Amino acid sequence: MAESPMLELRFLSDPKRLRMVREKVQEVTEEIGCSKKLISDLIIAINEACMNIMQHAYKGDKSGEILLEIQTEHGNLEVVLTDYAAPIDPKLIRPRDLDDVKPGGLGTHFIQEIMDDCTYGNLENRAGNFLRMRKKIN
Amino acid sequence: MAYQVEEDRGFSIVLLTGDVDLSNTLVDLSDVTYIDSSGVASLVEGYQTAKKKNLKFGLVGVSGPAMSVLELARLNKVFPIYATVEECVNTDG
């Protein structure tokens, strides 16, 4: 059970919304007293996760809906991103080899490098996917 | 060559003027407040294109937020990075 829900934000799958999302993440993480470094890292991870949904789940369709939820739980920050696009096989989501220097494919690496735990899955009762991320609050 | 960037209805319009030709490139990131993986991907494309043409491509005055992202991608070891344009010119010029 969450200690306190901090943010529940619904927005369209439109890259123009990303700045607003980053600002909201900054606000809530500042409120709970996260360090500047942690805030900066969380903004990067959540921004990349949103971009992945826009590009790979909704495939550029800007009318799709994304739900971002942030809450604290037992000293951790729990972030859940939900989309309602066609289900994606979680096994297909993996970071690429960084030794191969090429454009693209860095988002999943950023997320896994920053967060302590990431779980991808499909919604049970309707089409859609979720990404649950956890990070210890310093 | 000179350029100007304007924002218009969701697009960043890059206006180029003058001669656009083969030249070494330095990208000044000193005032960058945020860069995501797609921005980094554009830098990688520029770097690789320059490398194929035996031209120099480097980054100058990389801001803290930009450096954090480059470090996450381990590209701080790939791009030539200079504190100032002068440092680049004195080092490689």
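**Charged pairs and a nonpolar patch**

Mentor: Let's begin with A:Asp89, which is partly exposed at 31% relative accessibility. Buried means under 20% relative accessible area, exposed over 50%, and partly exposed in between (1.4 Å probe, protein chains only). Before going on: this is a predicted model, where local features need pLDDT of at least 70, side-chain atom pairs count only at pLDDT 80 or more, and totals for chains, interfaces and linings use all residues. Residues are numbered from 1 along each chain as its sequence is written, chains are lettered from A and ligands numbered from 1 in the order in which they are written, and side-chain values use heavy atoms, with hydrogens and water left out.

Trainee: Which residue forms a salt bridge with A:Asp89?

Mentor: A salt bridge here is a side-chain nitrogen of Lys or Arg within 4 Å of a carboxyl oxygen of Asp or Glu. For A:Asp89 the partner is A:Lys91, with the closest N and O atoms 3.8 Å apart. A:Lys91 is exposed, at 67%.

Trainee: How many salt bridges are there over all chains?

Mentor: The search of the whole structure gives 7. One of them joins A:Arg10 and A:Glu65, at 3.3 Å from N to O. That pair links distant parts of the chain: A:Arg10 sits in strand β1 (residues 4-12) and A:Glu65 in strand β2 (residues 65-73) of chain A, 55 residues apart. Helices (H or I, at least four residues) and strands (E, at least two) are DSSP runs, numbered from the N terminus. A:Arg10 is partly exposed at 47%, and A:Glu65 is partly exposed at 33%.

Trainee: What about A:Lys37 and A:Asp41: where do they lie?

Mentor: Both are in helix α2 (residues 36-57) of chain A, 4 residues apart, about one turn of the helix. A:Lys37 counts as exposed at 52%, whereas A:Asp41 counts as buried at 11%.

Trainee: And which residues form the nonpolar patch on the surface?

Mentor: Patches are made of residues with over 30% relative accessible area and no salt bridge; like charges are joined within 9 Å, nonpolar side chains (Val, Leu, Ile, Met, Phe, Trp, Tyr) within 5 Å. Here they are B:Met1, B:Tyr3, B:Val5, B:Val14, B:Leu16 and B:Val20, together about 650 Å² of accessible area. The elements giving two or more residues to this patch are β1 (2-8) and β2 (11-17) of chain B. Areas come from the Shrake-Rupley method with a 1.4 Å probe; for residues, only the protein chains shown count as cover.

Trainee: Is B:Val20 buried or exposed?

Mentor: Exposed, at 55%. B:Val20 lies in the loop between β2 and β3 (25-28) of chain B.
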